[in-house]
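Work through the exercises below with the sequence and the model at hand. Try each task before you read its solution.

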2 protein chains.
Amino acid sequence: MLHQILFRDTWSPSASQGDFHAWNPAAGEALPERFPVSRRDDLERLLKASAGAAVELRNAPPERLAAFLDDYASRLDADASAISELASRETGLPVTPRLKDVELVRTTNQLRQAAAAARDGSWAMPTIDSKLNIRSHLAAIGPVWCIGPNNFPLAYNGICGGDFAAAIAAGNPVIAKAHPCHPATTALIARHALAASQAAGLPAGTVQLFFQCSPEDGLWMAADPRLGAIGFTGGRHSGLAFKAAADAVGKPVYVEMSSINPVVILPGALAERFDDIVGQFCTSCLMAAGQFCTNPGLVILPAGEAGERFITAVRDKFAAASAGTLLSTGVRDSLVAGIQKLLAAGAELLVGGNAEPGPRFAFQNTLLRINGAQFLAKPEAFQTEVFGAASLMVVAESIAETANIVARLDGNLTGSIYWSQQGTDDLACATISAALRPRVGRLLHDKMPTGVAVSAAMNHGGPFPATGHPGFTAVGFPATIRRFAALHCYDACRETTLPSPLRDRNPDGKLLRLIDGTWTTIDVGHP
Amino acid sequence: MLHQILFRDTWSPSASQGDFHAWNPAAGEALPERFPVSRRDDLERLLKASAGAAVELRNAPPERLAAFLDDYASRLDADASAISELASRETGLPVTPRLKDVELVRTTNQLRQAAAAARDGSWAMPTIDSKLNIRSHLAAIGPVWCIGPNNFPLAYNGICGGDFAAAIAAGNPVIAKAHPCHPATTALIARHALAASQAAGLPAGTVQLFFQCSPEDGLWMAADPRLGAIGFTGGRHSGLAFKAAADAVGKPVYVEMSSINPVVILPGALAERFDDIVGQFCTSCLMAAGQFCTNPGLVILPAGEAGERFITAVRDKFAAASAGTLLSTGVRDSLVAGIQKLLAAGAELLVGGNAEPGPRFAFQNTLLRINGAQFLAKPEAFQTEVFGAASLMVVAESIAETANIVARLDGNLTGSIYWSQQGTDDLACATISAALRPRVGRLLHDKMPTGVAVSAAMNHGGPFPATGHPGFTAVGFPATIRRFAALHCYDACRETTLPSPLRDRNPDGKLLRLIDGTWTTIDVGHP
């Protein structure tokens, strides 16, 4: 039986051009359910319904959006076991603790934070010039297409992840595309989305879902004027294609694409906390078979005995740890290709480097090494992202060489520096920080990059090619909501026609607004 | 004598490939001064110096940036007569009131508002999660290339306009490109910029200037990784080229390109305030020869006697008013081409349509008309921007047709609705507003779009193709500063290494920060 797409609050047969199935990666077996590859007719009707919902949503009070998000979160929590088991079957990720205790909890937490931000309303930065009667705020941008990645079937899923929550909180309908690695999970979650949307009385078509389309049709949709914005998390190749299609028509597109997350370990830290750092690195790099966008893929170490011991210790742990299950044969193929590229550029293979035998999708934990001069000779090749449990050790002769290496880094989501607590690395850390800071979204001290807290202070973003714009974050309310908004100004508009956050009277007495240069909750004209 | 470029705080001979001169548009005469067309060598050294200045600027306290901006404003005010006279000679715009009493005052006001915002610091939205020790704020993005337009020799000039002020307030060095219409004015202003920069002790190369380069070299520079962002105001052709070059390498690029600024006049308003609206429209459309990006280029009127009378009254005023002076022969050529395109699509010429005879750069005030059906048949052709004192009247049969026309509009900077004070247009206004709101950055009631107040609540921006991203404004502090910033997050970083706005202690006791979900000025850990 072929699954149906979610169109205008109805499960509807797809105008499909073929179908696909997901895999059980742990068994290396095809799963029986079939999902449609939509033709353009599907996309056309989804876009039309979404545009209609966008118009209706403009008049929906934020409380209704918030109620939807809260209720949706509760429904997902209530169905945690079924969702996690299905997601585990499709991804090979363990139900416990990963899916049920961590990722689903994070997902519903995000939905609830989005609800709170929608209720609060200050994300929209209402600004009033009472003397000139000019008023502005950020407002819904229109239908948002959310395209999630393979590695987070829940927290970044287009139907319930961070982009989804942010787009809804801003007042937009969402068209979600399932990732082909976990379509059944996505379809199950979408049933809860639909029930919650209808319970909240949101317009039909506020949440819609399809499963797959051809690349050409995807780029056609990306450029469609009915679409307000796009949120994408995935590989660089697809990300750049979506970005180019949307950029050409001036449509905001937020792509989180690739990152090797450099980790610089300075000599004092290595002397001080050797075992700790070995342990932290191995955990961070091997967890979930390394399938994190913040996986530490490049480590810069000091040349010498301690650095050599570090590499040996990591190599031994990599060899001893069993290989995790990969999400797909695609991830395995891209690991093979990435490692080949590093080897071709001159990297030395220390451990791993091959697919695991057997039906399970798996690849050996892999460690490679080069020296600083090699990196500096081929900085582009040695920044090949290898998505999985693989990392490249770069042995640098000096702090100056380390700084030179850092200065050749592309944009990354994160950059970590381990440095002594005793003062011996202070100068080196200052030098490296100066080079690293503009190249990463999040700078860490004495901490591995995996683990992205859902915090208002988080930046899960960074300079190109990590993302398409260094000013935005994909995680962290309220900032992440602002990606899916347009700035709306009202100049001399009559008060009765203004959106409620911009009227003289503070809508609930609590909304923070910038009135005549001061952030305040008072009413206009009532000092 | 060939002018020199401003490189690293020194007036330096250009590596030029030829030179150019400006014109006195009022006399139609070439001006004697010669300005270099820079070769790539110039751009290369400007970029290198700017990248160096960016590193040094990271440690500059905001007070130093603010002092520079304030002092720069004072120096421009003190030299107001010379600057205005030179700008008038190069642009044909009158010294009084336009340049000296309005545009220069606006320009120095912008610089001072930028100074105040830099001192205040809240534009950067410092955000602290004290429990997780994650902290973030917006920070300098790197060298900003500011490219100003022909029509504002002061307020949008790359060396002193809104983009310049915003880029500096965010802590970035600026490379300004003069507009070829007013290079001498720009060179004079740059002397004041240099003096102020040196007086404030800013790093050498914080403010640099060149005059012109080839289009190919310009696109090469737009893609250079040393450049953090680009601010551009000008025509759509150049804007799209810069945007494409920067987008391809993921560099933030803010282009303000084109807008026809639709004005909808509803029947009740026409009955109520006929003469007023005729007067307001003619003033707005003819002022400064119509050379404003917010010029009302499209008016949608009700069919019938009042609409016909309106068109006749406007036509008579257009015919009676003398033609203003155009900035260049380029503006004249593009007026000819734009009007030809409208005529070819079927518009009827009511008055004007030809260049004025004589040496002065001038074009007759021009009014054209079509009906709603014509617009709906060729919406693209009838949205041709005609930059100058020209406007297209669209006579619509009904409110429904008006709404259909509005629904076919491209993105614009502004949209105006004139509607009755007596209630007769309320329903129509609601219908038109719903269609117009998502298509414009600034919605106006009973007001023409020209006149862009420098207010925190202003949006001088809008959906594509008015600009490249509907979430940003080119006018209005502090929002406009955020265009030139990257989001910097610090995760578990030791406090002594944090930028001062993110340390536990509020740097001046007044900085507004989002700490654990509350906007506050208290110190971290001191409730």
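The exercises go from the interface to single pairs and then to single residues.

This is a predicted model: local features need pLDDT of at least 70, side-chain atom pairs count only at pLDDT 80 or more, and totals for chains, interfaces and linings use all residues. Residues are numbered from 1 along each chain as its sequence is written, chains are lettered from A and ligands numbered from 1 in the order in which they are written, and side-chain values use heavy atoms, with hydrogens and water left out.

**Exercise 1. The interface**

Task: describe the contact of chain A and chain B by residues and by area.

Solution. 
- Step 1. Take contact as heavy atoms within 4.5 Å. Chain A gives 62 residues, and chain B gives 62 residues.
- Step 2. Turn to buried area, the accessible area (1.4 Å probe) that two parts lose on being put together, summed over both. The two chains bury about 4800 Å² between them. Carbon and sulfur atoms hold 59% of it.
- Step 3. Find the top contributors. A:Leu487, A:Asp491 and A:Arg494 supply 15% of the area that chain A buries against chain B, more than any other three residues.

**Exercise 2. Elements and classes**

Task: say which element of chain A gives the most to the side that touches chain B, and sort that side by class.

Solution. 
- Step 1. Name the elements. Helices (H or I, at least four residues) and strands (E, at least two) are DSSP runs, numbered from the N terminus. The rule for polar contact asks for a pair of N or O atoms within 3.5 Å; within protein, one must be able to donate a hydrogen and the other to accept it, and residues adjacent in sequence count only if both atoms are side-chain atoms. Across the interface, 36 residue pairs are in polar contact (both at pLDDT 80 or more).
- Step 2. List the suppliers. In chain A, β7 (127–129), β8 (134–140), α8 (236–247), β20 (440–445) and β21 (485–491) each supply at least two residues of the side that touches chain B. β21(A) gives the most, with seven residues.
- Step 3. Sort by class. Ala, Val, Leu, Ile, Met, Phe, Trp, Tyr, Cys and Pro count as nonpolar, Asp, Glu, Lys and Arg as charged, and the others, Gly among them, as polar. The side of chain A that touches chain B has 34 nonpolar, 15 polar and 13 charged residues.
- Step 4. Look at strand pairing, which needs at least two DSSP bridges between two strands. Three bridges join β21(A) to β20 (residues 440–445) of chain B, and these strands run parallel. A:Asp491 stands opposite B:Leu444 in β20(B).

**Exercise 3. Salt bridges between the chains**

Task: follow two salt bridges from chain A to chain B.

Solution. 
- Step 1. Apply the rule: a side-chain nitrogen of Lys or Arg within 4 Å of a carboxyl oxygen of Asp or Glu. It finds six salt bridges across the interface.
- Step 2. Take A:Asp446 and B:Arg494, whose side chains meet at 2.9 Å, N to O. A:Asp446 lies in the loop between β20 and β21 of chain A and B:Arg494 in the loop between β21 and β22 (513–515) of chain B, so the pair joins two chains. Both residues are buried, a term for under 20% relative accessible area, with exposed over 50% and partly exposed in between (1.4 Å probe, protein chains only).
- Step 3. A:Glu272, A:Arg273, A:Asp446 and B:Arg494 are linked in a network of salt bridges.
- Step 4. Take A:Asp491 and B:Arg442, which meet in a salt bridge of 2.6 Å, N to O. A:Asp491 is buried at 1% relative accessibility. B:Arg442 is also buried, with a relative accessible area of 1%.

**Exercise 4. A buried histidine**

Task: where is B:His460, and which residues is B:His460 in contact with?

Solution. 
- Step 1. B:His460 is in the loop between β20 and β21 (485–491) of chain B.
- Step 2. B:His460 is buried, with a relative accessible area of 2%.
- Step 3. Read the contacts, leaving aside neighbours within four places in sequence. They include B:Tyr156, B:Glu256, B:Cys293 and B:Val475.

**Exercise 5. Backbone geometry**

Solution. 
- Step 1. The bond from A:Phe464 to A:Pro465 is cis, with omega near 5 degrees. A:Pro465 lies in the loop between β20 and β21 of chain A.
- Step 2. B:Asp9 has a positive phi of about 70 degrees although it is not a glycine. B:Asp9 lies in the loop between β1 (5–7) and β2 (10–12) of chain B.
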